[in-house]
Amino acid sequence: MKKDRRNFLKNTALTALAIGASPILAKTNTRIDTTKKDTENNCNALTEDYYGEGPFYTANAPIVNNGQIAPNGELGTRLIITGIVKTLDCEEIIPDTELDVWQANDAAEYDNSGFHLRGKVLSNSAGFYSFETILPGKYLNGSQYRPRHIHLKITPPGYPTLTTQLYFEGDTSIPTDAAASIDSGEFDATHRTIPLENNGGVLEGTWDISIDGDGTLGTNNLHLTNGIIYDVSPNPFSDELHINYGVYKPSNIKIEIYDMLGQLVARIGEKQLNPEKYTVIWKPQTSLPSGTYFCVLKINALQVHYKKIIKK
Ligand SMILES: [Fe+2]
């Protein structure tokens, strides 16, 4: 019974992913090899951008500890990008990876004399990163507009830098852009083109990065076989947060909340649980600052799944 449900969950998740990635494949292959699809659909190595660094990079941008690339009051639509940095096989997370971010402002101009809308953020000890900025404007490249994009140089500790760009789904300039329209091969931009969700006027996107580097144990693919956070609500939250999660086999369970710097904010129970669905309610201290946090499910000390949460 439990095993059936586990397989159902696994197949449902994988089918959804397969459909998202390739509708034709999903129709013609009725039997899915779960082990192969798991890797193919969840773990796409980060690619370089066809345009490389471009003409507007400035070295030695400052590290922004709070992840705030755009200062408060910056003209434009607020944008928060969050994700986790993982090894190439997505089996381990990579802490302390440097993301050197630069972008145009709302009027599509770069600051080429200073470090406005430029900065470095690091993935924290749990592999998470997050930065807050504004949606970059579109600028002309010849006779055509380039799609909105954020430039990044991504460097895991002790490994080479990968230079790339991040794009946003639905951007009408993508099909005519020489770099953003590439959908296969070494400059494939499809896994660097992410959906954005409007959350009370703030756009939010999730972008997980898989790159060559030395990892530490912990992954977000383990949720297919160990346990999962189904949802967290309300999100954004203020007084309390309901965390719905499931466990697939008898395990030691911890639910933990981390801030953007990777510091443990709260541990919500630690117990031995049997396979079942559970709900726990977290009531944060009123002094908890507003901002981005991560709700993490740990099973037998492994970090198996997470959700980004926002405190109002
Ligand atoms: Fe650019």
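**Overview**

I'm working from a predicted model here. Next I checked burial: 35% of the 312 residues count as buried. Then I turned to contacts with a separation of 6 or more, and 69% of those in the protein chain come from residues 24 or more positions apart.

**Strand β1**

I went to β1, residues 78-86, and asked how many of its residues are buried. I got 8 of the 9, so the strand is largely enclosed by the rest of the structure.

Which strands does β1 pair with, and in what sense? I found 7 bridges to β5 (residues 128-134), running antiparallel. One of the pairs I noted there is Gly83 with Tyr129 of β5. With β12 (residues 202-206) the sense is parallel, and 4 bridges do the joining. Ile81 has Gly205 of β12 as its bridge partner. β13 (residues 209-210) is also parallel to β1, over 2 bridges. For that pairing I wrote down Val85 and its partner Ile209.

**Sheet β15-β16-β19**

I looked at this one next: 3 strands in that order, an open sheet with antiparallel pairing. β15 (227-233) and β19 (276-282) are the edges, and each has a single partner strand, so one side of each is left without a neighbour in the sheet.

I followed β15 into β16 (residues 241-247) and found 6 bridges joining the antiparallel pair. Asp231 sits opposite Asn244 of β16.

**Sheet β18-β17-β20-β21**

My last stop was another open sheet, 4 strands in the order β18-β17-β20-β21, with antiparallel pairing. Which strands are at the edges? They are β18 (264-273) and β21 (302-311), each pairing on one side only. The twist from one strand to the next averages 15°.

I then checked β17 (residues 251-259) against β20 (residues 291-299): they run antiparallel and 7 bridges join them. Ile253 has Ile299 in β20 as its bridge partner, which I jotted down as an isoleucine-isoleucine pair.

Definitions and conventions:
Residues numbered from 1 in each chain as written. Predicted model: local features only at pLDDT ≥ 70, side-chain atom pairs only at ≥ 80, totals over all residues. Buried ≥ 20, exposed ≤ 12 C-beta atoms within 10 Å, placed from the backbone. Contact = placed C-beta atoms within 7 Å. Pairing = 2+ DSSP bridges. Axes fitted to C-alpha atoms, helices over the stretch in contact; angles between N-to-C directions.
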